[in-house]
Amino acid sequence: MSVRVPRLHRTASFAALLGSLALPVSALPTSAFADSTTITTLPPVSVTANRVPTAAEETGSALTVITREELEQRQTQVLSDALRAVPGVAVNRTGPMGTLTQLRIRGSEGNQTLVLIDGIEVNDPAAGSEYDFANLLAGDVERVEVLRGPQSALYGSDAVGGVVNIVTRRGAGAPRFGAAVEGGSFGTAAGRASFGTGTDRYDLFLSGQGVTSDGVSVADKRLGNPEKDGYRNGTLTGNAAVRPTERSEIAVTGRYTRFRTDTDGFVGGRGAVDDGTSTAGEQYFGRLQGKIALLDGKWEHIVGLTHGRQQRDYRDDAKTVTSRYDGRKTKADYQTNLTLNSGPADHVLTAAVEHEEDKAISRSSFSSFDRSIGSTGLVGQYKLGLFDRLTLTGSVRHDANDLFRDATTWRTTAAYLIEESGTKLRASYGTGVKNPTLFELYGYTATYAGNPNLKPERARGWDAGFDQALWGTRASVDGTWFDQRIRDLITGTGRTSVNMPGESHIRGFELGLSVEPIDRLTVRGSYTWTDGEDSTGAELVRRPKQLASLNVNYRFLEDRANANLGVVYNGRSSDWAYDPFYNRQVVNLAPYTLVNMAGSYALSEGVEVFGRVENLFDRRYQEVWTYGAPGRAGYLGLRLSL
């Protein structure tokens, strides 16, 4: 049943604070024999919402959390598939698994969402400062927090639409091994293995996972494209931490992915067509971090250094590299948090400084560029809690940039708890800035030329909503109305990028529902309506007006068995269609509904069989004009835990 998480006690120990920052464990056990009759719909704390541990009831922004248990129940292989069920989130994929996958929050563009993996910013400077979710497998993910609304005051340029914070698993307890294998439709085989251990003084977690698939045609088969386009992905992750004293920690995390995707080409006037092209690439991410707390744990210091590199080679049908893109991001950061208590008030003061260097390198037969940009951000935030009911935050950030004028953004939130009725009222308002990307400024292809005269996009937005417990603690409902405006929106013309004059406007509302009508049966649903227009009144492309999801999960036979039903509805949306000269016009994409089923059964403790059916009714649909999607597919697998 759903439960409301209690407020963090103001005398909580530093050890609890450290655990909150690391977010190492799920709120629920994952053993097939776990005796669990409750489901926590919100986490005890969120670090994403305010950059410091914040209880769910104190969070004034709209936040959704996906736990590892939910991912396992749905048997999610690619993380983006789980994000389709988050209110306000639209996912577009240019074909089957492994192809370009964009995520848009509340109608914002894909490069207006900041993506973090274990504290590492993974937006690619050589890919429009956007993160491609195509190659992010879900096997090592512990939890995902999706923070919606302008967050530039906390996180800088890429967070105009929101933040997706992905936290991978960490070791805990006695040494433990895990493994899983599965296979099924389209010649697909996947596997993963992991090892984890930890004590109060250290923890270690290592993971390897991979998938190979013959796939289906990236170009829609209904347009006469019969050949299959395959996909390969291998991912290694690891993290370790040592705690020399009760109030200090040194941690390191790393991630490596190597992939190859058969992609098909794009010809103006015809859209996606079979031509034997492919993309191969590698991704490296790493972070070193130290933490220490003084004054009995009330004054905390965090210092970190991260580096990421993403390289992609585009190849023709002869496997010759026609172009290469290399994006690199290096960041050094320091943050300090001071917690003070005075009578009925709790105060948390946060200050941070971040310096980031982005570099994009392009090499192709028709052009090349090698550009970099540096920026320094100063962040300040004050969080005030009053009478265990009202929480207010105010944040401000100043960014100095090598290429653009300095920018100052700010954000404020409020959350008010009415314990007697189980109600939380919340609201937020913030401003944002999105700098032009290096590719928009200097990029060049056979059909596109950069525009060095672009100006940063500027945004302002607000939301207001509620969270309401119902039926004791067995049900909850939440609703949010949001409104966002973006000035100088950067848009492509087919040949270059320009700032649109005037102000683009996006508004809408989000609804969520969670119910446990009987023990071990959980029903979750969401609905989003979004109305997005540019400054001319034209509909923003690839933003469905209506999104909805339903997930039903039932654990039975003393928790040995689990059954899951997932439904995702994607309403009508629009996209660009290009003629042979790359002039464009708007086309409509039909709505679609996908139904997925998954089930598992524990043969014995530590041995579990599982299976799933995706796209149960074999729905044919397009998320991007002329790009196809897989039909019905089935998979079977075995999971071991020792």
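Q: What do the side chains of D483 and R485 meet in?
A: A salt bridge. The N to O distance is 3.5 Å. Keep in mind that this is a predicted model.

Q: Is D483 buried or exposed?
A: D483 is buried. Its relative accessible area is 11%, and buried means under 20%.

Q: And what about R485, how does that one count?
A: R485 counts as partly exposed, at 26% relative accessibility.

Q: Back up a step. Why would such side chains pair?
A: Side chains of opposite charge can pair when their charged atoms come close.

Q: How many salt bridges does a search of the whole structure find?
A: It finds 54 salt bridges.

Q: Give me another one. What does D81 form a salt bridge with?
A: With R84. The closest N and O atoms are 3.5 Å apart. D81 is partly exposed, at 31% relative accessibility. R84 is buried, at 13%.

Q: How far apart are N and O in the salt bridge of D326 and R309?
A: They are 2.7 Å apart.

Q: Which strands do those two lie in?
A: D326 is in strand β19, residues 321–342. R309 is in strand β18, residues 299–315. So the pair ties together parts that are 17 residues apart in sequence.

Q: Is D326 buried or exposed?
A: D326 is buried, with a relative accessible area of 5%.

Q: Which residues are linked in a network of salt bridges?
A: R51, E121, K331, E354, R397 and D399.

Q: R51 is in there. Which ring does R51 lie over?
A: R51 lies over the face of Y155. The distance from the ring centre is 5.6 Å.

Q: And which ring face does R371 lie over?
A: The face of Y442, at 3.9 Å from the ring centre.

Q: New topic: rings with rings. What describes a pair like that?
A: A pair of aromatic rings is described by the distance of the centres and the angle of the planes.

Q: How many aromatic pairs are there?
A: The count comes to 13 aromatic pairs.

Q: Take F369 and F439. Why is that pair called tilted?
A: Look at the angle. Planes under 30 degrees apart count as stacked, and over 60 as edge-to-face. The planes of F369 and F439 are at 55 degrees, so the pair is tilted. Their ring centres are 6.3 Å apart.

Q: Where do F369 and F439 lie?
A: F369 lies in strand β21, residues 368–386. F439 lies in helix α5, residues 438–442. So the pair ties together parts that are 70 residues apart in sequence.

Q: Are they buried or exposed?
A: Both F369 and F439 are buried.

Q: How about Y554 and F556, how far apart are their ring centres?
A: The centres are 5.3 Å apart. The planes are at 10 degrees, so this pair is stacked. Y554 counts as partly exposed, at 34% relative accessibility. F556 is partly exposed too, at 29%.

Q: Which residues do ring pairs link into a cluster?
A: Y314, Y325, F369 and F439.

Q: Last one. What feature does UniProt place at residues 57–163?
A: The record, an unreviewed entry, gives "domain: TonB-dependent receptor plug". In this model, the end C-alpha atoms of that span lie 19 Å apart. The span is 15% helix and 31% strand.

Definitions and conventions: Residues numbered from 1 in each chain as written. Predicted model: local features only at pLDDT ≥ 70, side-chain atom pairs only at ≥ 80, totals over all residues. Heavy atoms only, no water. Phe/Tyr/Trp six-rings, centres within 6.5 Å; stacked < 30°, edge-to-face > 60°. Helix = DSSP H or I, 4+ residues; strand = E, 2+ residues; numbered from the N terminus. Buried < 20%, exposed > 50% of the residue type's maximum accessible area, 1.4 Å probe, protein only. Lys NZ or Arg CZ within 6 Å of the ring centre and 35° of its normal. UniProt positions renumbered as here; feature names shortened; annotations may be inferred. Salt bridge = Lys/Arg side-chain N within 4 Å of Asp/Glu carboxyl O.
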